[in-house]
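Trainee: I have a model open and would like to learn how to read a few of its features. Could we go through them together?

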Amino acid sequence: MGGGMAMHLAYRFHQDLAGVFALSSFLNKDSAVYQALKRNESALPELFQCHGTADELVLYSWGEETNKMLKSLGVSASLHTFPNLNHELNRTEIEKLKSWIVKKLPVEAQKANE
């Protein structure tokens with residue numbers, strides 16, 4: 001539910017963010033996010049999304065459809081697929097997310113993180 005909430009907050013109310021990430025998450029087909037984006041004319045936060053293909057709680061196809069819908073509405077979105085991963089995290093996923101977050105940080109924060 002955290003990824004869905006993050007997408008709602010970012011794309012409906014806080015479009016000034018540098019980015020948003022969603023892990024094993026999705027939006028309903030009639031989500032208010034899609035309706036808001038249809039009326040949007042401003043720049044949108046980038047989406048970093050990860051999903052395991054073996055997820056039985058939040059189906060991979062749901063996450064994939066969310067990614068496609070957001071892209072069609074102007075969101076710069078990436079979907080990182082993890083074969084045979086269930087509804088869980090793995091080290092590679094966390095490392096990719098960390099790398100993405102570090103790239104989003106201001107230069108001063110990046111230097112402190114090195």
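Predicted model: local features only at pLDDT ≥ 70, side-chain atom pairs only at ≥ 80, totals over all residues.

Trainee: Which residues of H1 are buried?

Mentor: Buried means under 20% relative accessible area, exposed over 50%, with partly exposed in between (1.4 Å probe, protein chains only). Helices are DSSP runs of H or I with at least four residues, strands are E runs of at least two, and both are numbered from the N terminus. In H1, Gly3, Gly4, Met7, Ala10 and Tyr11 are buried. Viewed down the axis of H1, they fall within an arc of 140° (taken from the directions from the helix axis to the C-beta atoms), so they line one face of the helix. Exposed Gly2, Met5 and Phe13 sit on the face turned away from that buried side.

Trainee: What do the buried residues of H1 pack against?

Mentor: Contact means heavy atoms within 4.5 Å. Their partners are strand S1 (19–23), H2, S2 and helix H3 (60–72).

Trainee: Where is Glu93 found, and which residues beyond its sequence neighbours does Glu93 contact?

Mentor: Glu93 belongs to helix H4 (residues 91–104). Leaving aside neighbours within four places in sequence, Glu93 is in contact with Leu23, Cys50, Phe82, Leu85 and Glu88.

Trainee: And where does Asn40 lie?

Mentor: In the loop between helix H2 (32–38) and strand S2 (46–52). Asn40 is buried, at a relative accessible area of 19%.

Terms used. Residues numbered from 1 in each chain as written. Heavy atoms only, no water.
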